[in-house]
Amino acid sequence: MQGRESARPFEDKKCYDKPITTRNKPQEYWGNNGRKIETNGHHNFFLPMELTADGDKYKHILIVREGDSYNFFHLHKPVHEIGRRKDADILIEDAAVSRYQATLVREYDAENNNYFYRIIDGTLWGKRCKNGLIINRKKYIFKILEHGDIIYFSQRTIARYLVIENNLEEKAKTLIESFEDSSFKRRAIVDFSKNTLTLDENDTNENPEKEKEQSDSSNKTDSFAELSPYPIIELNLQGEITYYNPAAIILFPDLKLQGKNHPIFDNIFLPSQYTVHGNLFVREVRYGDRIFEQYTHYLPDLKVIRTYVFDFTERKQVEARLRDNEAKYRAVVEQVKEGIFIFTSEDYKIIEANAYASKILGYSCEELTNLKFLELLENVAVDLRYKLRVLRETGGCFREELRLKVKNNAPIDVELTVSAINYHNKLVYCSVFRDISERKRMEQELKYLAHHDTLTGLCKRNYFRENASKILTKAKQASSKMALMFVDVDHFKEINDNYGHDIGDLLLKSFAERLKGCLKKKDCVARWGGDEFVVLTCDIPSLENLVMIVERIINNIRRPFIFDKVTIKTSTSIGVSLFPKHGEDLDSLLKKADEALYVTKRNGRNGYTIAEYEGDW
């Protein structure tokens, strides 16, 4: 770098973070912009203007010329958005410029302890600008900026990117005098007049002889190639090394000794590549324990093969670790005995499903990824939608028991845990579920056994009380009539003693079935204990209807019971109380029915008695 003359420093240091506006400055500073802008289809990669080990030694400046107005921007943030919209970091008011023109992203080079800026067409989320990204008269999708790069935003708006020393006096002098003295080019880190090496030679100089002169070794030592930490090597078409920068000899100390036989040149002398000027050949090269990505340009018009070598060892190691972690993740996900879904937070579309989810639900993984999560639910509860919305806003997780549809089968009960996670830089839901159908079945079975008699399947006493109380409350509100009966098996003790407990159990089971068969579905029947049963009949329109029900029970029980060639003949005794005549609560009705049953047994059994009452029912 050439020396700089001292200059008066700015009094307010904060002004460096603000745009400085100047008008009517020399046109020649921006170079000749009358040439046609050419584009090409290559992915061009440019080397950054390297700083030094001291990352704060240089400042990154963007000078924007909009018509006759010049704005200076100090690039210091991780991201600078450029465009016509009012909230852009670098606002350009030219109507021909896109609202989302470009984005500057700061990137750090850990190996060299410095940073550089990459410019991207449009926005970070992939929105491209209408004009395209044109730098140094070539079109890019993205580019690592070099000192001196010219960015064309429109016919009247262009910008130049500079890297200058972070010295207040030098900075003030450089920024102020650059537009008052055309000799600014001599003060820059890289002379703008020099032909900086790039990875694309399609935009060659119109004068081949001049281009050849500019590739001369003496000129190259002044270019940024000499400052680059990455090896840059040129060979003639005969394979003789004509130029290498200091980084090349540091990384490959045996380069001069081995010449074209060096491993870095294996298989790059390909005659088929010489047919098109600027033809690019990219490959991965291993040298010792290092891994490099090598870009080789074939320039037959200049009789030059130019190669750039980038050390990608660390990145490859990171990629290998990522692949290893991905493989481990996949192994765990595929082996876990739980179904896993990943679905979007906007429309709940399933974007990933593991093999066990496919096994549980009977759908292939491809079929699942064509569905939305809510389509798999048997019933979509409102509170589930609400929980998902809350989860999107607050994060965390929640657990839910619900039923999922199964392909060509009945739905299953699952326990589902849903979490909000970051997946490929996007907020999504991760749901982990397991089949709890067997657990639900056992819970239902235990609940049934807790409430029902194991022999007859009828309600137990406590469960009958719970249900009967609810029925009586509703009957009271509806002013409907009901009857409660105590029903006994006549002479059951003698039958049990004579034929054994097995026959006695079969008789009780059959007795319960016949009793239940004489009643309506909504009537409540329970085994009260031993050979005694209780019945609560609902909606009795009249006393005649009640008598008909009672007599139907008696007649059904009188029919013989046949068990394994054993025929049992028996009868039943019944006591009846009336609701609300004999009481409006269960205990009152049970007491009256028990008294009526005692009367029936005292009168010889095989009949019924309705408890005494006065007036109409």
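## Loops, helices and a cavity

Colleague: What is the relative accessible area of R605?
Modeller: R605 is partly exposed. That class lies between buried (under 20% relative accessible area) and exposed (over 50%), using a 1.4 Å probe and protein chains only. For R605, the relative accessible area is 35%.

Colleague: Before we go on, what kind of model is this?
Modeller: Residues are numbered from 1 along each chain as its sequence is written, and side-chain values use heavy atoms, with hydrogens and water left out. Local features need pLDDT of at least 70, side-chain atom pairs count only at pLDDT 80 or more, and totals for chains, interfaces and linings use all residues, because this is a predicted model.

Colleague: Okay, back to that residue: where is R605 found?
Modeller: Phi of R605 is near 65°, a positive value in a residue other than glycine. Helices here are DSSP runs of H or I with at least four residues, strands are runs of E with at least two, and both are numbered from the N terminus. R605 is found in the loop between α16 and β29 (607-610).

Colleague: And what is the phi of N606?
Modeller: N606 also sits in the loop between α16 and β29. At 33% relative accessibility, N606 counts as partly exposed. N606 isn't a glycine, yet its phi is positive, at about 55°.

Colleague: Which peptide bond is cis, with omega near 10°?
Modeller: Look at P580, in the loop between β28 (572-579) and α16 (586-602). P580 is partly exposed, with a relative accessible area of 39%. The cis bond runs from F579 to P580.

Colleague: How many Å apart in space are P580 and L472, C-alpha to C-alpha?
Modeller: Along the sequence, P580 and L472 are 108 residues apart. L472 belongs to α12, where it is one of the residues that meet α16. C-alpha to C-alpha, P580 and L472 are 9.2 Å apart.

Colleague: How are α12 and α16 set relative to each other?
Modeller: Axes are lines fitted to C-alpha atoms, for helices over the stretch in contact, with angles from 0 to 180 degrees between N-to-C directions. The axes of α12 (residues 461-478) and α16 come within 10 Å and cross at roughly 110°. Under 35 degrees counts as roughly parallel, over 145 as roughly antiparallel, 65 to 115 as roughly perpendicular and the rest as oblique. So α12 and α16 are roughly perpendicular.

Colleague: Which residues in α16 meet α12?
Modeller: Contact means heavy atoms within 4.5 Å. From α12 come F464, R465, A468 and L472, and from α16 come L586, D587, L589 and L590.

Colleague: At roughly what angle do the axes of α13 and α14 cross?
Modeller: The axes of α13 (residues 492-499) and α14 (residues 501-517) come within 6 Å. The angle is roughly 140°.

Colleague: Which residues in α14 meet α13?
Modeller: The α13 side has F492, I495, N496 and Y499. The α14 side has H501, I503, G504, L507 and L508.

Colleague: How many cavities of 30 Å³ or more does the count come to?
Modeller: Rolling a probe the size of a water molecule over the atoms shows where empty space is left. On a 1 Å grid over the protein atoms alone, a cavity is a set of points where a 1.4 Å probe fits but cannot get out. The count of cavities of 30 Å³ or more comes to two.

Colleague: Which strands each supply at least two residues of the lining of the second largest cavity?
Modeller: Lining residues have an atom within 4 Å of a point. For the second largest cavity they are E81, I82, R85, Y100, A102, T103, G122 and T123. The strands are β4 (79-83) and β6 (102-109).

Colleague: Is K256 buried or exposed?
Modeller: K256 lies in helix α6 (residues 255-258). Not counting residues up to four places away in sequence, K256 touches Y244 and I249. At 58% relative accessibility, K256 counts as exposed.

Colleague: Last one: what share of the 617 residues of the chain count as buried?
Modeller: The secondary structure of the chain comes to 16 helices and 29 strands. Of the 617 residues, the buried share is 46%.

Definitions and conventions
1 Å grid on protein atoms, 1.4 Å probe; cavity = no way out; pocket = protein on both sides within 12 Å on 5 of 7 lines; lining within 4 Å. Points joined across faces, edges and corners; volume = space filled by probe spheres on them.
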